Amino acid sequence: MLKFGVPLALAVLLGVFLFVGLQRDPSYVPSPLIGKQAPEFTLPSLQDPNYPVASKELAGKSWVLNVWGTWCGGCRQEHATLMAIAKTNAVPLIGLDWKDDSAAAQEWLRALGNPYAAVASDPEGRVAIDWGVYGAPETFLIGPDGKVLFKHIAPMTMEVWTKEFLPRIQAANAGNAPTGG
Amino acid sequence: MTLLHFSRFARAVLVALLVAFAVPALAIDTERAFDDPALQTRYEQIGRELRCLVCQNQTIADSNATLAQDLRREVREMIAAGKTDDEIRTFMVDRYGDFVLYKPRMTPINYLLWAAPVLLLLLGTFLGLRIIRKQAAQADTDGPEAGQT
């Protein structure tokens with residue numbers, strides 16, 4: 001029994017671990033910020049550096065922070081989705097233009113449309129580090145109490161928006177915020 | 001050209017190629033960050049402990065991804081500001097999670113991870129001893145008949 005049973009059990013266990021491991025995306029790193037207060041920032045606006053974009057001004061309502069850059073292919077891929085989301089007026093979309101050339105970024109918004117209520121310019125990537133950003137595009141949902149409710153790492157899709165973001169926005173606006181992923 | 005000559009030539013070419021391609025892999029972060037050798041050593045050590053999350057199997061000292069450069073800058077500034085190594089690690093973990101550390105911390109969630117090698121060693125020893133004992137017992141009983149086959 002021991003002769004075959006134990007190695008078989010171990011092999012099956014190892015197989016389960018490897019199988020589960022195959023299903024997981026190693027490039028997805030869960031954010032430790034979920035459920036915590038969102039890091040505050042004040043950065044110059046992309047369009048007018050004299051005008052500051054401050055996270056404090058958004059306190060009291062749900063909002064979305066979308067990290068993007070013109071160098072980022074996934075950002076171009078999700079742009080049309082962001083435009084469609086912006087049209088619904090569900091929440092303000094705030095852009096964080098991460099380590100980017102300001103002129104190129106402005107040209108991008110002129111050419112593809114501007115889904116953002118405001119775009120903060122972070123050429124040195126310091127605010128991005130505070131938010132634990134490691135690859136664009138990343139999209140955060142922040143609740144009315146200033147807590148990070150959700151983070152999506154990958155281009156935004158309508159499916160992710162309706163499944164993950166909208167229910168959390170509704171719950172947060174209703175006063176009880178489920179957190180996650 | 002004899003075969004011997006050719007193989008020498010080929011070896012020389014091979015060595016030259018290896019040397020040529022080895023050079024760019026030597027170091028990414030070559031500039032000294034600190035004049036004080038103690039601070040420089042700390043800087044290099046911490047850089048080797050932190051994972052570059054864009055290029056996951058590299059440390060931020062090994063990588064030239066822009067994020068790794070930015071994180072090295074943060075580490076430099078924190079060392080210059082007199083922060084301790086633990087404060088710097090906490091800064092990184094608060095933002096990027098435990099995954100950013102190559103050496104996991106001793107937190108309750110990581111106890112099993114730390115204990116696993118010891119547990120597996122004990123399990124292996126236990127199973128090994130059982131098998132050896134069993135075979136020894138069998139050998140003893142088989143002993144007298146051994147010569148008869």
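Here is a short briefing, grouped by topic.

Keep in mind that this is a predicted model. In chain A, five strands form an open sheet, while chain B comes to five helices and zero strands. The two chains touch, with 15 residues of chain B in contact with 13 residues of chain A.

**The sheet in chain A**

- From one strand to the next, the twist averages 20 degrees.
- Strand β3 (residues 63–68) and strand β6 (residues 138–142) of chain A run antiparallel and are joined by five bridges.
- In this part of the sheet, A:Val67 stands opposite A:Glu138 of β6(A).
- Helix α5 (residues 158–174) of chain A packs on the sheet, where it touches β6 and β7 of chain A. The direction of α5 makes about 170 degrees with that of β7(A).

**The nonpolar core**

- Which residues touch the most other members of the largest nonpolar core? They are A:Val64, A:Val67, A:Ile94, A:Ala120, A:Ala128, A:Leu141 and A:Ile142, out of 61 residues in that core.

**Backbone details in the loops of chain A**

- A cis peptide bond, with omega about -5 degrees, joins A:Ala136 and A:Pro137. You can find A:Pro137 in the loop between α4 (126–130) and β6 of chain A.
- A:Lys99 is not a glycine, yet it has a positive phi of about 45 degrees. A:Lys99 sits in the loop between β4 (93–98) and α3 (102–112) of chain A. Is A:Lys99 buried or partly exposed? A:Lys99 is partly exposed, because it has 19 other C-beta atoms within 10 Å, and a buried residue would need 20 or more.
- A:Ala154 is another residue other than glycine with a positive phi, here near 145 degrees. The place of A:Ala154 is the loop between β7 and α5 of chain A, and A:Ala154 is partly exposed, with 16 other C-beta atoms within 10 Å.

- A:Tyr51 lies in the loop between β1 (42–44) and β2 (52–54) of chain A. A:Tyr51 counts as exposed because it has 10 other C-beta atoms within 10 Å, and the limit for exposed is 12 or fewer.
- A:Tyr51 and A:Ala120 are 69 residues apart in sequence, and their C-alpha atoms are 9.7 Å apart in space.

- Read along the sequence, chain B follows the pattern α-α-α-α-α.
- Of the 149 residues in chain B, 14% are buried.
- Among contacts in chain B between residues at least 6 apart in sequence, 40% join residues at least 24 apart.
- On the side of chain B that touches chain A, α3 (66–80) and α4 (85–96) of chain B each supply at least two residues. The largest share, five residues, comes from α3(B).
- By class, that side of chain B has eight nonpolar, three polar and four charged residues.

Notes. Residues are numbered from 1 along each chain as its sequence is written. Chains are lettered from A and ligands numbered from 1 in the order in which they are written. This is a predicted model: local features need pLDDT of at least 70, side-chain atom pairs count only at pLDDT 80 or more; totals for chains, interfaces and linings use all residues. Two strands pair if DSSP finds at least two bridges between them. Helices (H or I, at least four residues) and strands (E, at least two) are DSSP runs, numbered from the N terminus. Axes are lines fitted to C-alpha atoms, for helices over the stretch in contact, and angles run from 0 to 180 degrees between N-to-C directions. Two residues are in contact if their C-beta atoms, placed from the backbone, lie within 7 Å. A nonpolar core is a set of buried Ala, Val, Leu, Ile, Met, Phe, Trp, Tyr and Cys residues joined through C-beta atoms within 7 Å. Ala, Val, Leu, Ile, Met, Phe, Trp, Tyr, Cys and Pro count as nonpolar, Asp, Glu, Lys and Arg as charged, and the others, Gly among them, as polar.
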